[in-house]
2 protein chains.
Amino acid sequence: MIASSALLTDRYELTMVDAALTAGTAHRRCVFEVFTRRLSGARRYGVVAGTGRLLDLVERFRFDDAELTWLRDNSVVSGHTLDWLANYRFTGTISGYPEGEVFFPGSPVLTVEGGFAECVLLETLALSVLNYDSAVATAASRMVNAAGNRPVTEMGSRRAGEHSAVAAARAAYIAGFAATSNLEAGRRWAVPTMGTAAHAFTLLHDSEEEAFRAQINTLGTDTTLLVDTYDIPTAVETAIRVAGPGLGAVRIDSGDLPVVVAQVRAQLDSLGARDTRITVTNDLDEHAVAALAASPVDSYGVGTSVVVGSGSPTMGMVYKLVAHTNDAGEWISVAKKSVDKASVGGRKQAYRSLDAWGTARSEIVALDAHQMPGERALLVPLLVQGEIDEQFRGAAGVQRAREQHASSVAELPAEAMRLTRGDPVLPTVYR
Amino acid sequence: MIASSALLTDRYELTMVDAALTAGTAHRRCVFEVFTRRLSGARRYGVVAGTGRLLDLVERFRFDDAELTWLRDNSVVSGHTLDWLANYRFTGTISGYPEGEVFFPGSPVLTVEGGFAECVLLETLALSVLNYDSAVATAASRMVNAAGNRPVTEMGSRRAGEHSAVAAARAAYIAGFAATSNLEAGRRWAVPTMGTAAHAFTLLHDSEEEAFRAQINTLGTDTTLLVDTYDIPTAVETAIRVAGPGLGAVRIDSGDLPVVVAQVRAQLDSLGARDTRITVTNDLDEHAVAALAASPVDSYGVGTSVVVGSGSPTMGMVYKLVAHTNDAGEWISVAKKSVDKASVGGRKQAYRSLDAWGTARSEIVALDAHQMPGERALLVPLLVQGEIDEQFRGAAGVQRAREQHASSVAELPAEAMRLTRGDPVLPTVYR
């Protein structure tokens with residue numbers, strides 16, 4: 001963790017501050033919104049994640065001597081801007097969808113209000129965090145749906161940058177994963193951690209039996225033994241002979257899983273190990289998990305596909321200025337007119353419209369704060385005038401986000417669970 | 001940056017150490033190798049990146065009080081293992097392809113030698129770093145090839161986790177990008193940084209003209225003005241009127257680029273701004289860059305596609321035990337026999353075979369260290385008995401890797417530059 005998060009940003013955020021300070025426009029009040037134009041991967045819904053991490057990073061967005069010296073030595077901004085940066089602390093207000101909430105195209109998932117300069121500085125960092133974490137949570141939520149009541153563990157750390165791996169473990173947990181292999185996610189966010197042994201452990205020993213004995217001596221018979229280093233039927237026989245029928249679980253990491261799982265289940269049962277669970281971990285994604293629904297699998301371990309967003313490794317969220325004051329203090333709604341990237345000006349409110357049975361029917365994005373009957377307001381204050389609402393961060397914030405996610409998904413129509421590509425399950429209605 | 005990198009790892013690395021210490025096998029000498037079974041995305045070659053970052057992280061792989069306390073409180077390992085971890089420092093030897101070198105399926109890009117426990121602990125971290133950084137560098141190298149002599153800037157920080165963004169900027173630079181938007185990459189690795197203004201800056205001001213004047217007042221006429229917030233021809237006219245024909249560049253971030261670029265070039269020329277450059281930044285990947293080869297573009301800015309590996313966001317490298325000693329001190333070659341994930345046992349050497357014209361013809365992976373005439377040895381020592389070779393890290397290491405990459409690519413057959421999916425441009429020959 002870097003003490004200051006202030007250089008985790010694009011150079012142009014600072015050059016804009018520099019020019020706006022000179023022009024006298026840096027202090028105009030502004031509203032920036034984070035939203036997506038579409039759901040990457042033609043998903044049915046998106047999942048907001050990263051908010052709690054972002055709040056921590058905003059707090060640490062300070063320019064200390066090390067940052068100021070580097071900016072000065074590299075002539076990134078003028079001297080008066082260095083002075084302004086030295087005193088920088090975000091004193092505005094951030095509201096947003098609570099972490100774990102689902103979202104749709106146009107949903108204003110984060111609204112940042114304050115002076116132009118203090119808000120524009122947060123653009124890159126806010127998008128880095130929300131785009132990655134939300135991509136992972138969106139993919140993870142589909143995997144959890146596909147797995148039904150069976151637990152899913154995140155084990156993709158080795159397929160993501162070493163810090164993104166921690167964020168991915170956190171995001172997957174928010175989306176309903178049961179645990180992670182990543183220890184730092186355990187320490188920092190209290191995500192439950194899991195793991196026993198890799199093929200290297202079996203290969204290190206003079207025989208598979210010695211390896212199994214070594215593992216059981218230390219981790220007990222409730223451990224999970226990896227049975228596909230050499231020949232699976234032989235390994236299963238050895239595992240139960242060594243551990244007894246009380247062995248916790250066997251893990252299968254290769255092969256044609258529906259066939260292999262059925263064979264292993266039959267073998268375990270024939271050996272009296274009826275309570276020994278089967279966990280599978282072979283390049284699974286939501287489709288592979290769904291294809292195993294009828295197989296006697298007890299739990300899934302998902303690696304690569306969840307940490308890379310299962311085909312959509314970033315969310316496509318943008319951070320756009322939608323309104324500002326002019327010199328007379330009047331609010332002006334603004335929007336880019338570019339042919340393929342137009343946006344809607346003005347500060348938005350958002351509501352989810354529910355039918356009489358409590359099922360979500362549409363995403364309302366409104367230019368006024370008028371909540372209609374049967375609508376649930378989606379924006380909550382996260383950081384008010386520089387002060388973070390503590391309930392949204394730390395391990396407690398993660399737990400809260402996990403609950404938020406479960407209840408938001410429960411509200412969606414059943415078609416939300418479809419894994420095929422398609423339209424968002426709720427239409428976004430501008431009001 | 002976390003003081004200790006030791007928990008950026010999977011729990012099972014620690015439970016294996018725990019069990020091996022109990023079994024008396026933790027100190028067996030081992031050789032682990034990092035390699036890929038195939039090139040993700042059916043690329044013609046891969047690019048090794050992340051090595052210099054990994055060396056820093058290995059040095060910081062220490063279990064301090066904070067880590068030990070958390071491991072104890074969560075019963076991750078036994079007490080005697082905590083004592084062992086408290087004294088942990090990697091004292092083995094790491095050799096590998098120098099950062100920036102190209103690689104192929106089976107290339108032993110990293111070899112880690114030492115006791116089982118000290119080596120297995122590094123698995124997750126080594127793969128996290130190499131898989132992400134190499135995926136970015138591999139995609140970036142294709143973009144640089146596609147751009148020919150025109151410079152390419154990396155500007156995808158907002159589409160990657162906030163720390164991965166820094167690693168991506170570094171990896172893209174190694175692969176030949178000219179600069180990055182990411183300030184932390186500038187500070188930490190001396191990658192040149194670039195950036196001027198976003199659409200928000202234009203929208204903030206009362207008119208596009210005021211915004212352009214504000215930018216030029218601070219950044220000078222050699223700056224780059226963004227001309228697609230409203231109407232491009234109007235913006236270009238305003239830009240030259242405000243800045244004069246000495247304006248540095250205009251940036252176009254939307255629209256049908258081949259058409260728009262030609263129009264803007266004609267307009268700039270007609271306004272006498274013949275030296276004003278055109279930079280384009282609209283969702284480019286290597287294919288879009290190639291499609292602009294005949295357009296009067298002066299430079300490219302690539303965002304999303306490079307930081308997500310342009311369709312292959314992780315490299316698929318694995319870290320496998322290939323040999324260990326037994327209790328008699330004899331070396332045993334080992335390999336997993338799993339049906340779809342078999343590997344080749346034994347410590348490997350690697351050579352690139354070149355023809356009489358200096359063009360690479362095959363990747364030789366050999367079980368003995370016998371270099372034939374016309375072969376270039378690929379493995380170099382990176383860290384010997386715990387001591388890092390300083391030339392491979394820091395900003396100097398990045399510069400070295402960039403040169404390594406340029407010379408390695410120059411050696412490849414011309415077909416290596418093809419952007420279509422296909423077989424690796426060099427066959428891997430096991431000897």
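Analyst: UniProt positions are given here in the numbering of this structure, feature names are shortened, and an annotation may be inferred rather than shown by experiment. This is a predicted model, in which local features need pLDDT of at least 70 and side-chain atom pairs count only at pLDDT 80 or more, while totals for chains, interfaces and linings use all residues, and side-chain values use heavy atoms, with hydrogens and water left out. Residues are numbered from 1 along each chain as its sequence is written, and chains are lettered from A and ligands numbered from 1 in the order in which they are written.

User: What feature does UniProt place at residues 7-131 of chain A?

Analyst: An unreviewed UniProt entry gives "domain: Nicotinate phosphoribosyltransferase N-terminal" for that stretch. Residues 7-131 of chain A are 42% helix and 18% strand, with the end C-alpha atoms 18 Å apart; helices (H or I, at least four residues) and strands (E, at least two) are DSSP runs numbered from the N terminus.

User: Why is H1(A) called roughly perpendicular to H4(A)?

Analyst: The axes of H1(A) (residues 11-23) and H4(A) (residues 79-86) come within 9 Å and cross at roughly 110 degrees. Since 65 to 115 degrees counts as roughly perpendicular, H1(A) is therefore given that name relative to H4(A). Leu14(A), Val17(A), Asp18(A), Leu21(A) and Thr22(A) of H1(A) make the contact (heavy atoms within 4.5 Å) with His80(A), Thr81(A), Trp84(A) and Leu85(A) of H4(A).

User: What makes H2(B) and H6(B) roughly antiparallel?

Analyst: H2(B) (residues 51-59) and H6(B) (residues 123-147) pack at an angle of about 160 degrees, with axes 9 Å apart. Angles over 145 degrees count as roughly antiparallel, and the pair is therefore described in that way. Thr51(B), Arg53(B), Leu54(B) and Leu57(B) of H2(B) meet Leu125(B), Ala126(B), Val129(B), Leu130(B) and Asp133(B) of H6(B), a set that divides into six nonpolar, one polar and two charged residues.

User: Which residues join H1(A) to H10(B), and at what angle do the axes cross?

Analyst: The axes of H1(A) and H10(B) (residues 208-219) come within 8 Å and cross at roughly 105 degrees, which makes H1(A) roughly perpendicular to H10(B). Thr15(A), Asp18(A), Ala19(A), Thr22(A) and Ala23(A) meet Ala214(B), Gln215(B), Thr218(B) and Leu219(B).

User: How do you know how the two copies are related?

Analyst: Chain B superposes on chain A by a rotation of 180 degrees with 0.0 Å of shift along its axis and an RMSD of 0.0 Å. The two copies are thus related as by a two-fold rotation axis. Because 100% of the interface residues of chain B are also interface residues in chain A, the copies meet through the same surface.

Conventions. Axes fitted to C-alpha atoms, helices over the stretch in contact; angles between N-to-C directions. Parallel < 35°, antiparallel > 145°, perpendicular 65-115°, else oblique. Nonpolar A, V, L, I, M, F, W, Y, C, P; charged D, E, K, R; others polar. Least-squares fit on C-alpha atoms with pLDDT ≥ 70 in both.
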